[in-house]
Amino acid sequence: MLTDEQKEQIEIENKAISKNIHNIRHRILVFSGKGGVGKTTVSVNLAYGLRIKGYRTGLLDADVTGPDVPKMLGLTGEMHVHERRIVPHICHDLKVVSIASLLQPDQPVIWRGPMRSKVLHQFLGDVEWGKLDYLVADLPPGTGDEIISLTQKMEPDLAIIVTTPQEISLIDSARAINMARKMNVPRIAVIENMSGLICPVCATHIDLFGTGGGEKQAELMGVSFLGRLPIDIEARKMADNGKPVILENINSDISVALASIVDNIEEMLNERHQSTTKQ
Ligand SMILES: Nc1ncnc2c1ncn2[C@@H]1O[C@H](COP(=O)(O)OP(=O)(O)OP(=O)(O)O)[C@@H](O)[C@H]1O
Ligand SMILES: [Mg+2]
């Protein structure tokens with residue numbers, strides 16, 4: 001049973017979130033059933049892909065226990081708080097918020113679900129996001145507590161499920177798709193990552209984990225397919241050095257594939273935006 005004071009706190013929090021998110025035209029969640037399939041890689045590069053097209057974009061690192069976004073952006077230093085509002089980092093013109101920017105390096109976050117949810121609510125309501133065209137949230141793997149609660153509060157218009165082509169990842173991606181469906185996210189789409197490897201020495205195409213499974217899965221489950229990304233060894237090295245591939249090498253195969261996915265997202269959401277305004 002909640003006390004009156006707790007109820008009042010929740011109401012204040014909800015009002016702050018509602019005010020903030022309604023200044024953000026499109027809110028995108030990046031899910032996966034399984035860990036390590038490339039959610040953070042996809043989130044970071046899609047956010048920059050949107051920024052390159054001129055959209056005001058924010059990136060929310062919603063993986064509280066494994067916040068990898070700052071590492072992939074080479075972002076260091078703390079976020080500032082101004083008049084009790086969190087000020088996002090600005091990294092190559094992208095607004096970025098991560099709990100890693102509030103912690104010491106290597107400091108673990110040993111919080112249970114409700115605490116993790118609470119900090120994510122703060123990242124929605126207490127951050128000075130300002131007016132944005134897109135906010136991309138990089139989620140932790142799975143279908144845990146804080147994912148449910150963030151989805152409810154953020155009211156996303158698109159859930160992107162990242163999967164690799166192997167059977168084991170596809171099975172888990174079906175769970176993530178069903179979760180997004182249960183949470184009434186209006187648009188759900190799949191990206192197949194690590195889809196084939198071009199040998200950097202002889203340029204032969206190697207089907208390391210197979211290809212095409214993500215598209216089949218999307219078709220089977222009646223959701224959209226946004227595209228596939230190859231395994232790119234250079235992109236991995238760049239990520240380790242805090243340099244998103246889409247900024248570093250726009251002409252690489254993976255960047256071209258990412259740009260085409262950005263176009264698909266733009267088209268998908270603008271369509272929706274138009275059909276909403278036409279009603
Ligand atoms: N297409 C790709 N080509 C090469 N390396 C990739 C590709 N996609 C992801 N990686 C690498 O795989 C590793 C895992 O990727 P990433 O951290 O993006 O996955 P994740 O789904 O966010 O993981 P977690 O579930 O732990 O949050 C990283 O080292 C990343 O650089
Ligand atoms: Mg991640």
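1. Strand β5 (residues 89-91) pairs with β6 in the antiparallel sense, over three bridges. Two strands count as paired if DSSP finds at least two bridges between them. Strands are DSSP runs (E, at least two residues) and helices are runs of H or I of at least four, numbered from the N terminus.

2. This is a predicted model: local features need pLDDT of at least 70, side-chain atom pairs count only at pLDDT 80 or more, and totals for chains, interfaces and linings use all residues. Residues are numbered from 1 along each chain as its sequence is written, chains are lettered from A and ligands numbered from 1 in the order in which they are written, and side-chain values use heavy atoms, with hydrogens and water left out.

3. Back to the hairpin. β5 and β6 form it with two residues between them. In the turn, His92 has a positive phi of about 45°. Cys91 has Leu94, in β6, as its bridge partner.

4. β6 (residues 94-97) also pairs with strand β2 (residues 57-61), here in the parallel sense over three bridges. Leu59 stands opposite Val96 of β6.

5. Now the ligand. Ligand 1 has 18 residues around it, and Lys39, Thr40, Thr41, Asn193 and Asp232 come nearest. A residue counts as near if one of its heavy atoms lies within 4 Å. By class, the shell has eight nonpolar, six polar and four charged residues. Asp, Glu, Lys and Arg count as charged; Ala, Val, Leu, Ile, Met, Phe, Trp, Tyr, Cys and Pro as nonpolar; the others, Gly among them, as polar.

6. Helices contribute. α2 (39-52) and α8 (233-240) each supply at least two shell residues. α2 gives the most, with three.

7. Polar contacts (pairs of N or O atoms within 3.5 Å) follow. An oxygen atom of ligand 1 is 2.6 Å from a side-chain N or O atom of Thr41. For Thr40, the distance from a ligand oxygen to a side-chain N or O atom is 2.8 Å. A polar side-chain atom of Asn193 lies 2.9 Å from a nitrogen atom of ligand 1.

Definitions and conventions. A polar contact is a pair of N or O atoms within 3.5 Å; within protein, one must be able to donate a hydrogen and the other to accept it, and residues adjacent in sequence count only if both atoms are side-chain atoms.
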